[in-house]
Amino acid sequence: MNRSGSSSVTERKPAVNPPLWLLAELTYRCPLQCPYCSNPLDFAQQDKELTTEQWIEVFRQARAMGSVQIGFSGGEPLVRKDLPELIAAARNLGFYTNLITSGIGLTEKKLDSFAEAGLDHIQISFQASDETLNAALAGSEKAFRQKLEMARAVKAHGYPMVLNFVLHRHNIDQIDRIIELCIELEADDVELATCQFYGWAQLNREGLLPTREQIERAEQVVKQYRQRMAESGSLTNLLFVTPDYYEERPKGCMGGWGAIFLSVTPEGTALPCHSARQLPVQFPSVLEHSLQHIWYESFGFNRYRGFDWMPEPCRSCDEKEKDFGGCRCQAFMLTGNADNADPVCAKSPHHGKILAAREEANCTQMQISQLQFRNRVNSQLIFKANA
């Protein structure tokens, strides 16, 4: 790799299509303290953020390359006072705009300003279907009531609304109540995504990974509700994502490395997925290189494109064009080498690590109060107050 962050081969790979989806991680700041947070463990040390003008330049370049959809995320994107301006800039460039928020800090006034700016879509995350468990996980006693209030306000403003619940061993058994809450709030789409173990979720995996029995019960509940939905027409879509740890083949992570998805961190690092910054790979900054260069020419974005990088058993596998070798972050976290086959795959020589994690899930008695939080002291105090 040369000093510009490029690979030694500078010709553009003809099979590389432009990024369709841009995730703008505007900030790592967030008022909540979830133990499965996808932010990096050292988020508190990452205090630099792109300016309004720098973000808008990123939007311009991405749109010129062919990106069509943008997500404003974090942390909590609502803490950025320039959010209406960023939404307006992205919408004027022709992006379909999504706000991905906890709902904390959202107000009727802000909803009005976002509507005026042209925001197309809002996703609100919940931690649980009841106030006590939501408070224990989020670290805020008022969070649940505010989320309910703002979800109703989002619908009243006419936005398409996705409700997102991160599922784990402490809330998955209330999945029926979670779905009922989503129906009550008139969600257009519901995402019930079981923890993917990166960042804080990986740190807390022993206390978060559901058992196979919990997953199977949840699948049955979802199946029953889908049948009811087909008959009644309630909810547009009910998505249930099981954890990789109970699969025998890995998922096609992000549609392939550097294939569809482009993430930009608060300080401007460009990534092929939001967890990739943990890899021992040098990723370029939007402050130093154009997105065109980053996407097509940089070493980081070309490192795991295609199939030439694959060792066995991936190289000769007839499913490699479906799963792309699985998740590079997961391979690195579990084996120490991002080149290895994803241990989720039964063909991987490291699959035993997944089997051991499943067994650990059957044996653990870890309580919520024992998890590691973004702010452990406050979270424990809130949990005890509601116990």
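This report walks through a predicted model of one protein chain, from its overall build to single residues.

## Overall build

The protein chain contains 15 helices and nine strands. Its radius of gyration is 21 Å, close to the 21 Å that the globule rule gives for 387 residues, so the chain is as compact as a globular protein of that length. Along the principal axes, the C-alpha atoms fill a box of roughly 55 × 50 × 45 Å.

Burial comes next. Of the 387 residues, 54% count as buried. The chain exposes about 16,800 Å², and carbon and sulfur atoms supply 49% of that area. Contacts reach along the sequence too. Among contacts with a separation of 6 or more, 73% are between residues 24 or more positions apart.

The chain has 40 positive and 47 negative side chains. The centres of the two sets lie 3 Å apart.

## Cysteines

The structure holds zero disulfides. Two cysteines show why. The sulfur of Cys30 has its closest cysteine sulfur in Cys34, 6.5 Å away, which is too far for a bond. Cys30 is partly exposed, with a relative accessible area of 26%. For Cys329, the closest cysteine sulfur is in Cys273, at 3.9 Å, and that is also too far for a bond. A disulfide needs the two sulfur atoms within 2.5 Å. Cys329 is buried, at a relative accessible area of 1%.

Ile56 sits in helix 1, which spans residues 52-65. It counts as buried at 13% relative accessibility. Beyond its neighbours within four places in sequence, Ile56 is in contact with Glu85, Leu86 and Ala89. Leu86 is 30 residues from Ile56 along the chain, yet their C-alpha atoms are separated by 6.7 Å.

Ala128 lies in the loop between strand 4 (121-126) and helix 4 (131-138). It is buried, with a relative accessible area of 0%. Leaving aside neighbours within four places in sequence, Ala128 is in contact with Leu133, Asn134, Phe144, Phe165, Gln174 and Leu181. Tyr296 is 168 residues from Ala128 along the chain, and the C-alpha atoms of the two are separated by 41 Å.

## Backbone details in loops

| Residue or bond | Feature | Value |
|---|---|---|
| Gly74 to Gly75 | cis peptide bond | omega near 20 degrees |
| Glu312 to Pro313 | cis peptide bond | omega about 10 degrees |
| Met254 | positive phi, not glycine | phi near 55 degrees |

Pro313 is in the loop between helix 11 (299-302) and helix 12 (320-323). Met254 is in the loop between strand 7 (237-241) and strand 8 (261-264).

Phe324 counts as partly exposed at 26%.

Conventions:
Residues are numbered from 1 along each chain as its sequence is written. This is a predicted model: local features need pLDDT of at least 70, side-chain atom pairs count only at pLDDT 80 or more; totals for chains, interfaces and linings use all residues. Side-chain values use heavy atoms; hydrogens and water are left out. Helices (H or I, at least four residues) and strands (E, at least two) are DSSP runs, numbered from the N terminus. The radius of gyration is taken over C-alpha atoms; the globule rule is 2.2 Å times the number of residues to the power 0.38. Buried means under 20% relative accessible area, exposed over 50%, partly exposed in between (1.4 Å probe, protein chains only). Contact means heavy atoms within 4.5 Å. Accessible areas come from the Shrake-Rupley method with a 1.4 Å probe; for residues, only the protein chains shown count as cover. Lys and Arg count as positive and Asp and Glu as negative; His and the chain ends are not counted. The place of a charge is taken as NZ of Lys, CZ of Arg, CG of Asp or CD of Glu.
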